[in-house]
Amino acid sequence: MKPHLSPLARALLASAAVLLAVGVADAALHDVLAQNPFGAPKQAAAAEPEASGLIGWLLAKQSEFYRQMSSTIRAAKSDGSAVWTLLFISFAYGIFHAAGPGHGKAVIASYLVANRETARRGIALSFASALMQSLVAILIVGISAWILNATAKTMCKAEGAIEIASYALIALFGLRLVWVKGRTFIRALEATQPVPALAGVPHDHHDHGHHHHDAHDHRDQHHSHDDHHDRAQAHHHAHHHTHDHVHDEHCGHSHGPTPRELAGPGGWRRGFAAILTVGIRPCSGAILVLVFALAQGLFWAGIAATFLMGLGTAITVAAIAVIAVSAKDIAGRLSAGRDGGGALFMRDIEFGAAALVLLFGAGLLFGYIAAERTTCF
Amino acid sequence: MRAWLGLVLAAAMMLASGAAQAHPHVWITASSELLYAEDGSITGVRHAWTFDDMFSAYAVQGLESKKKGAYTREELGPLAQTNVESLKEYAYFTFAKADGKKERFNEPVDYFLDYKDTVLTLHFTLPLKNPVKPKQLVLEVFDRSFFIDFQMAKDNPVKLVGAPADCQMKLDRPSDGTATAQKLNEQTFMDGPNANFGMMFANKITVDCP
């Protein structure tokens with residue numbers, strides 16, 4: 001039986017969801033707009049929150065580390081021990097610099113939220129995508145500058161092409177998420193309509209939460225389906241089991257991975273789209289450092305620095321991913337007491353996060369968000 | 001209550017992801033000259049922008065030079081052209097207001113690059129579309145998006161070339177904390193769409209000619 005949701009409660013939940021979505025969108029847009037700027041004609045009101053001393057301090061630190069890199073690489077030419085300093089600086093820079101390409105954090109966080117992934121997976125994805133970013137940067141500079149001795153103009157064009165491809169990937173990735181999540185969301189909407197409890201009632205993912213518990217061990221608590229657990233008990237038994245796996249391709253594994261799943265090939269395959277989407281676009285900072293190191297005849301030091309930068313970046317992105325997943329889990333737990341509305345609320349957030357990825361991709365691809373364009377100058 | 005807790009969490013998330021956002025990748029040390037005609041009107045701006053050594057190394061990567069590690073003005077010619085052509089999209093990061101009215105620039109002339117002590121300096125002149133003779137001219141040099149960090153040179157950051165004797169020049173550097181805070185407030189709440197992050201890092205040159 002699904003109790004009716006009072007109009008007030010529904011309105012409250014809807015507005016909370018919208019606010020949350022706006023909040024996430026805003027934070028993510030800030031990222032996108034502020035990252036790789038060159039351009040960005042009009043970004044109204046993007047300024048106020050940055051005025052704080054903390055941001056200023058972070059910026060100052062980051063610039064400080066970055067600017068020390070060139071002198072340290074120079075020093076490493078004559079003094080081998082300077083390489084250690086370089087590695088430390090690169091690591092620190094990576095942490096402060098956070099996600100190299102601006103959208104990385106936003107895409108990973110949105111993906112995790114939309115797909116009900118665990119914090120653990122978030123960490124794994126962050127590290128994998130940062131590693132890929134480092135490799136792409138090294139490949140670009142290694143092939144174009146080192147092997148082909150191409151000019152900055154050529155290199156920058158290659159960077160630009162990869163960038164467009166990465167935006168297209170984000171848009172595609174977002175489209176797929178929206179398709180999958182949109183259907184789930186609509187189903188959740190239908191499920192909250194007051195309908196008789198028996199006979200062919202449309203139902204949503206509650207069943208899965210429960211089904212999972214049935215099939216497996218109750219101690220398996222890696223994930224966030226606590227939110228619909230209670231309702232699922234009541235709900236599930238009213239229906240037939242065979243409906244369970246007809247929904248979408250995520251259904252079979254939407255519970256968050258067991259450690260086995262995470263390590264297994266299926267686990268990686270599932271996150272691969274996210275890793276590729278985020279990781280294909282290298283950080284401009286890394287490319288600059290690599291070319292500089294190459295010019296000094298210390299390409300290997302540049303490579304080491306790039307990996308350390310990636311490690312630092314991964315730590316920051318992983319922290320943000322964990323925060324995103326925890327925030328969503330807590331929101332899920334809090335809304336769990338609200339019966340049908342709670343599930344709707346969660347589907348709402350998921351759908352919002354999916355839409356966000358699509359919006360980023362489209363915005364970046366069609367130049368509405370000009371901020372992140374690589375400019376060859 | 002619960003909704004509020006959720007919102008607080010969302011806010012925390014925003015802060016966390018917003019924390020380390022804008023970051024410059026290119027540093028430019030700029031010195032600028034304001035060019036005056038004989039009748040006291042301003043005809044344009046001449047910039048000399050020195051890039052940081054990392055970006056300089058990147059920019060000269062793959063360029064042919066007769067002598068290793070040294071580049072002549074001629075060898076850097078094509079790069080200089082690319083530079084000024086690309087800068088157009090960003091309005092040359094130079095924004096002029098004559099008595100509060102926005103002024104536009106024509107395409108750069110007399111541009112070239114030189115390479116000295118491992119850094120590149122881009123020289124170029126921006127002619128004003130219409131020479132002006134305002135009581136007050138405000139010239140700002142900055143990147144709205146803060147990909148480039150502009151800093152005016154320590155020595156002789158701004159020169160008035162051929163200006164009437166009674167003109168007074170004032171330079172506000174972004175590193176001046178109080179000026180930045182005040183500017184940010186004003187710009188944010190009064191200018192609306194013009195307000196943005198890079199504003200905090202604007203170099204503001206004000207010339208008053210009574």
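**A sheet in chain B**

A: Let's start with one pair of residues: Ala98(B) has Lys101(B) as its bridge partner in β4(B). Residues are numbered from 1 along each chain as its sequence is written, with chains lettered from A and ligands numbered from 1 in the order in which they are written. Please keep in mind that this is a predicted model, in which local features need pLDDT of at least 70 and side-chain atom pairs count only at pLDDT 80 or more, while totals for chains, interfaces and linings use all residues.

Strand β3 (residues 94–98) of chain B runs antiparallel to β4(B), and 3 bridges join the two. Strands here are DSSP runs of E, at least two residues long, and helices are runs of H or I of at least four, both numbered from the N terminus; two strands pair if DSSP finds at least two bridges between them.

Stepping back, the open sheet has 5 strands in the order β4-β3-β7-β11-β10 (chain B), paired antiparallel. Because β4 (101–103) and β10 (168–172) of chain B are at the edges with a single partner strand each, one side of each has no neighbour in the sheet.

The predictor's confidence in each residue is pLDDT, from 0 to 100. Chain B has a mean of 80, and 77% of its residues reach 70 or more. Within chain B, strand β2 (residues 42–51) has the highest confidence, at 96, and helix α4 (residues 177–190) the lowest, at a mean of 42. For the complex, the predictor gives an ipTM of 0.74 and a pTM of 0.68.
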